[in-house]
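Visitor: I would like to learn how to read a protein model feature by feature. Please show me the structure and take me through it.

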Amino acid sequence: MSFSVSIIIPAYNSGATIEQTLAGIERQTAQDAILEVLIVDSSDREESLAVVKRVEKGKVRVICAGTRVMPALGRNRGAKEAKGDLLLFIDSDAYPAPDWVEKILAACAEGSQVGGGSVELPPFQNDKPIADAQLLLSFNEFLPVGKKRQVMFVPSC
């Protein structure tokens with residue numbers, strides 16, 4: 001069975017990072033599966049609003065949240081408007097690996113119902129010990145090593 005994918009991105013003043021996130025989505029190996037990319041934006045800075053509006057084209061649609069909302073509410077709003085079979089969530093400052101969607105589709109084909117990706121540092125943070133320490137402390141259970149396993153919750157990044 002093939003699935004269509006809606007990618008949902010909650011965004012708040014993400015002008016400095018959203019284009020990198022979208023560039024990662026544009027590099028996905030399973031591009032044909034991506035039906036839409038929904039950015040649920042609640043920015044209040046003009047420069048961030050301008051960037052988010054500028055990237056709205058093709059599969060990318062911006063949904064204005066109206067007021068500042070927490071990421072969970074942005075995800076929920078995007079989920080209500082999504083048209084894809086699968087809902088994939090990514091934060092506006094996260095950069096997906098090129099096979100992110102492909103791996104999720106493969107996991108669904110194997111019977112997984114909920115999944116979470118591993119967390120890796122973006123290239124510009126690779127040589128920063130504090131970034132490494134924060135990653136290991138916050139997401140040690142989700143690092144891309146070892147066997148597949150069940151966990152109690154799924155990280156939003």
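Visitor: How many helices and strands are there in the protein chain?

Guide: This is a predicted model. The protein chain holds 5 helices and 4 strands. Read from the N terminus on, the order is β-α-β-α-β-α-β-α-α.

Visitor: What share of contacts joins residues at least 24 apart in sequence?

Guide: Take the contacts in the protein chain between residues at least 6 apart in sequence; 71% of them join residues at least 24 apart.

Visitor: Which residues touch the most other members of the largest nonpolar core?

Guide: That core has 25 residues, and the ones with the most contacts to other members are I7, I9, L22, I39 and V101. Two or more residues come from each of β1 (5–11), α1 (18–26), β2 (34–41), α2 (46–54), β3 (60–64), β4 (86–89) and α4 (100–109). There is also a second, separate core of 6 residues, with V40, I63, A65 and A82 among them.

Visitor: Which residues does I39 touch?

Guide: Leaving out residues up to four places away in sequence, I39 touches I9, A11, I18, L22, V52, V55, V60, R61, V62 and I63.

Visitor: Where is T21, and is T21 buried or exposed?

Guide: T21 sits in helix α1. Its relative accessible area is 0%, so T21 counts as buried, the cut-off being under 20%. With residues up to four places away in sequence again left out, T21 touches I9, I90, D91, S92, D93, A94, Y95 and P96.

Visitor: What is the phi of N13, and where is N13 placed?

Guide: N13 has a positive phi of about 45° although it is not a glycine. N13 lies in the loop between β1 and α1. Because its relative accessible area is 14%, N13 falls under the 20% cut-off and is buried.

Visitor: Which classes make up the lining of the second largest pocket?

Guide: The lining of this pocket has 7 nonpolar, 5 polar and 3 charged residues.

Conventions:
Residues are numbered from 1 along each chain as its sequence is written. This is a predicted model: local features need pLDDT of at least 70, side-chain atom pairs count only at pLDDT 80 or more; totals for chains, interfaces and linings use all residues. Side-chain values use heavy atoms; hydrogens and water are left out. A nonpolar core is a set of buried Ala, Val, Leu, Ile, Met, Phe, Trp, Tyr and Cys residues joined through side-chain atoms within 4.5 Å. Buried means under 20% relative accessible area, exposed over 50%, partly exposed in between (1.4 Å probe, protein chains only). Contact means heavy atoms within 4.5 Å. Ala, Val, Leu, Ile, Met, Phe, Trp, Tyr, Cys and Pro count as nonpolar, Asp, Glu, Lys and Arg as charged, and the others, Gly among them, as polar.
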